[in-house]
Amino acid sequence: MKRFFICFLILVACKEESKTSEKPKWDWKAIEVTASAYNSVPWQTKSINPDIAAWGDTLKPGMNAIAVSRDLLKMGLAHNTMVKIDTFPDTFYVKDKMNQKWKNRIDIYMGLDIKKARQWGKKKLQICYAIPIDTIFTSK
């Protein structure tokens with residue numbers, strides 16, 4: 001019941017944003033995922049330059065960025081997709097991809113603050129993400 005209520009609140013919040021303009025530009029989808037946190041340090045990213053994300057974006061501490069598992073890419077969580085996470089007031093953007101071994105998962109970027117990322121841990125939570133509405137098929 002608690003999950004249903006949280007999902008309902010997220011959907012209502014997402015729909016509220018779409019009411020700000022006459023023609024909504026986004027269709028908001030809600031799903032439950034496992035969320036963990038990561039940092040831009042070499043031993044976590046296995047990269048020579050851990051500040052460079054999968055699509056070439058430069059990650060900087062303070063950015064509201066997430067990495068997504070590759071199965072979520074197929075659901076519409078592509079590069080620069082807007083994402084609302086139920087425990088955060090801000091909007092996040094998909095900037096990175098996770099290793100292929102992960103499924104139904106996001107990683108929240110926490111800059112260089114390893115202690116903060118460890119304290120966050122791993123949680124199941126609701127996210128809401130924006131899919132652009134194709135204006136060719138919508139009425140005027």
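A polar contact is a pair of N or O atoms within 3.5 Å; within protein, one must be able to donate a hydrogen and the other to accept it, and residues adjacent in sequence count only if both atoms are side-chain atoms.

**Ground rules**

I am reading a predicted model, in which local features need pLDDT of at least 70 and side-chain atom pairs count only at pLDDT 80 or more, while totals for chains, interfaces and linings use all residues. Residues are numbered from 1 along each chain as its sequence is written, and side-chain values use heavy atoms, with hydrogens and water left out.

**Overall layout**

I found four helices and six strands. Helices (H or I, at least four residues) and strands (E, at least two) are DSSP runs, numbered from the N terminus. Along the sequence I read α-β-α-β-α-β-β-β-α-β. Of the 140 residues, 36% count as buried, where buried means under 20% relative accessible area, exposed over 50% and partly exposed in between (1.4 Å probe, protein chains only). I then looked at contacts, meaning heavy atoms within 4.5 Å. Among those between residues at least 6 apart in sequence, 77% join residues at least 24 apart.

I looked up Ser36 in strand β1. Ser36 is buried, at 10% relative accessible area. Its side chain makes a polar contact with the side chain of Arg105, at 3.5 Å. Leaving out residues up to four places away in sequence, Ser36 touches Arg105, Ile106, Asp107, Ile108, Trp120, Gly121 and Lys122.

Thr34 also sits in β1, and its relative accessible area of 14% makes it buried. With the neighbours up to four places away set aside, I list Asn104, Arg105, Ile106, Lys122, Lys123 and Lys124 as touching Thr34.

**Nonpolar cores**

A nonpolar core is a set of buried Ala, Val, Leu, Ile, Met, Phe, Trp, Tyr and Cys residues joined through side-chain atoms within 4.5 Å. The largest one has 20 residues, and Ile66, Leu77, Val83, Ile85, Ile106, Ile108 and Ile127 touch the most other members. Two or more residues each come from β1, β2 (65-68), β3 (82-85), β4, β5, α4 (114-120) and β6 (123-132). The most come from β1, which gives four. Apart from this core I found another, of seven residues, including Tyr38, Ala53, Leu59 and Ala67.

For Ile127, leaving aside neighbours within four places in sequence, I noted contacts with Lys29, Ala30, Ile31, Val33, Leu77, Val83, Lys84, Ile85 and Ile106.

**Ala130**

Ala130 lies in strand β6 and is buried at 4% relative accessibility. Beyond the residues up to four places away in sequence, Ala130 touches Trp26, Asp27, Trp28, Thr81 and Met82. I also checked Ala130 against Leu77: they are 53 residues apart in sequence and 8.1 Å apart in space, C-alpha to C-alpha.

**Largest pocket**

On a 1 Å grid over the protein atoms alone, a pocket is an open set of points where a 1.4 Å probe fits, with protein on both sides within 12 Å along at least five of seven lines; lining residues have an atom within 4 Å of a point. Grid points are joined across faces, edges and corners, and a volume is the space filled by probe spheres set on the points. The largest pocket holds about 570 Å³. I recorded 23 lining residues, with Gln44, Thr45, Asn99, Trp102 and Asp107 nearest its centre. At least two lining residues each come from β1 (26-38), α2 (42-45), β4 (91-97) and β5 (105-109).
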